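Please look over the sequence and the model before reading on.

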Amino acid sequence: MKTFEIKEDFLLNGEPFKIMSGAIHYFRIDPADWYHSLYNLKALGFNTVETYIPWNLHEPKKGEFHFDGILDLERFLSIAKELELYAIVRPSPYICAEWEFGGFPAWLLNEDTRIRTNEIGYLKHVADYYDVLIKKLVPHQLSNGGNILMIQIENEYGSYGEEKDYLRSVRDLMINRGITVPFFTSDGPWRATLRAGSMIEEDILVTGNFGSKAEENFASMQSFFDEHGKKWPLMCMEFWDGWFNRWKEPVVQRDAEELAEAVKEVLIRGSINLYMFHGGTNFGFMNGCSARGVIDLPQITSYDYGAPLNEQGNPTEKYFAIQKMIHDTFPEIQQMEPLTKNTMEVKGIPLRNKVSLFSTLDTISQPVKTTYPETMEMLGQNTGYILYRTSIKKDAEEERLRVIDGRDRSQLFLNQKLQATQYQTQIGEDIIVPMTEETNQLDILIENMGRVNYGHKLFADTQNKGIRTGVMADLHFLTDWSQYCLPLDSCEAVDYSREWQPEQPSFYRYEVVLDEVEDSFIDLSNFGKGVVFVNQVNIGRFWEVGPTLSLYIPKGLLKEGNNEIVIFETEGTFQPEIQLVKKPLYKEMKEG
């Protein structure tokens, strides 16, 4: 039986062991590609894979658990073990990861509790989740013949709180369910975060997160160790080899040779986990959001991250620069040739059907009627869109309407004609509309563009989505609302026999017959905003503002024979044909 200990060094079977790890999030990669990515990690000469575990995917509704398909964590760990890779697991409850709500399930917003604290109600939810999750991890621990070396307690807690009783409670929940491998915490490498977020008094390993200046950051960590009389190995648990991207901003770049030298600086002194090794994709509505003052800035669907493997999982210039550095610096480490996947191009995929959202609304959602509009969470919905509908009497030739306290993006229609599109900072401003009928239909389509994944707003009420106060005409609130939940997990119930109207949110259905399948990218450069479904799987959001103008389609979502691609587009823009291309497309953007 193999053993792993944390002394002055990491010891594997009693021998010093340098952890060379790379982050691969199983939930951001099609399961058919797990082997490909893990093999390329092993081929680089690395010995360990690290992954987060997203609570919100595994328990999307309270008490409803999912561990199949892309969520089959045990299969992911088993593939890694077959490739002789060890594993570091970071099992929430909070993960950050530029992921929707930092991994928290949205239903927590309905609970009378405070997240990331030692509050009893919150810990009860964590315990219920761990009752299911931890039993899946226990057999994969090194001590049980598996490959898990270490498990993290919480995540970067020193950048949020300092309640050590909470950290102890999370640790004890895992111990009581069978976790026996060593624990660790990870935080920024400066004293304030290390003091607030570590469990150094409990003799639990402290690791740091940074993306450069290893000597300086390790020195700061070493000073903290010395202060507490600890002789521990130094490890960067997140060495940021790239960065995430937000809508309307240029793609973040990092030089490959500079990165390789920075990684070398870490490895000379200690151990490393490259964050990310393979970034992957924020499929569906799982992109996170950056908190900035009164507004939140949503991140894009691609989580390419500028990592050594690109979004598709193929080696990049960074991969080969790190490969050469390891060969030159640690010639005893065995390396192999990485695997590369092909991409395909398919032109002229024809539009088969189209239908307006308003026309098919009753086939994809049933109305919930309330006096005043309710939030997405109150309606039992986590992500996606909500359509709010009421009628309004004509009191004047023109009327002033206001959406009070809505999140995140609002499109207001009167008699199914678009009157205004508003974002966070504009919602609440006057919308002057012509009252053409004695009784007018008012529709408001609200999009949840992603909850924050980091910082003080995690507990803020701004993370409740939808219309949170009401809608005013003149000086009074409107009543008698019908609310249509549109989580858009799939689009199977869309009825294309119904009417299509221009300049309305609509579904566009395309079909293509494939003799063979490879990875591809769908060209969305001539569409406005929305989401794409490939054979009923929501592959993510697109938006003409960039920086990306395409979405990645892993070949595992395609099949030989007939394939269906559905685009839900909210701006009234569509094309009679679409194209699949070999490379991602980007909008030309300038810094600043």
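Glu-111 is partly exposed, its relative accessible area being 22%; here buried means under 20% relative accessible area, exposed over 50%, and partly exposed in between (1.4 Å probe, protein chains only). The model is predicted: local features need pLDDT of at least 70, side-chain atom pairs count only at pLDDT 80 or more, and totals for chains, interfaces and linings use all residues. Residues are numbered from 1 along each chain as its sequence is written, and side-chain values use heavy atoms, with hydrogens and water left out.

The side chain of Glu-111 forms a salt bridge with that of Lys-62, at 3.0 Å from N to O. A salt bridge is a side-chain nitrogen of Lys or Arg within 4 Å of a carboxyl oxygen of Asp or Glu. Lys-62 belongs to the loop between α2 (55-58) and α3 (73-82), and Glu-111 to the loop between β6 (86-90) and α4 (120-137), so the pair ties together parts that are 49 residues apart in sequence. Helices (H or I, at least four residues) and strands (E, at least two) are DSSP runs, numbered from the N terminus.

## Further salt bridges

In total, the structure holds 37 salt bridges. One of them joins Asp-128 to Lys-124, with the closest N and O atoms 2.9 Å apart. Both residues lie in helix α4, four residues apart, which is about one turn of the helix. Asp-128 is partly exposed at 28% relative accessibility, and Lys-124 is partly exposed at 47%.

Another salt bridge links the side chains of Lys-457 and Asp-296, at 2.8 Å from N to O. Lys-457 is in the loop between β21 (439-448) and β22 (466-473), while Asp-296 is in strand β13 (residues 295-298), so this pair ties together parts that are 161 residues apart in sequence. Lys-457 is buried, with a relative accessible area of 5%, and Asp-296 is buried, with 3%. Elsewhere, salt bridges with shared partners join Asp-165, Arg-168, Arg-171, Asp-172 and Glu-202 into one network.

## The annotated active site

An unreviewed UniProt entry places the feature "active site" at Glu-156 and Glu-238; UniProt positions are given in the numbering used here, feature names are shortened, and annotations may be inferred rather than shown by experiment. The two positions span 83 residues in sequence, yet no two of their C-alpha atoms are more than 10.5 Å apart, so they gather at one spot.

Glu-156 is found in the loop between β7 (148-152) and α5 (164-175) and counts as buried at 12% relative accessibility. Not counting residues up to four places away in sequence, Glu-156 touches residues including Arg-116, Trp-240 and Glu-238; contact means heavy atoms within 4.5 Å. Glu-238 is in strand β10 (residues 235-240) and is buried, with a relative accessible area of 5%. Leaving aside neighbours within four places in sequence, Glu-238 is in contact with several residues, among them Tyr-52, Arg-90 and Glu-156.

Strand β18 (residues 409-414) runs antiparallel to β19, and five bridges join the two. Within this pairing, Ser-410 stands opposite Gln-422 in β19.

Notes: Pairing = 2+ DSSP bridges.
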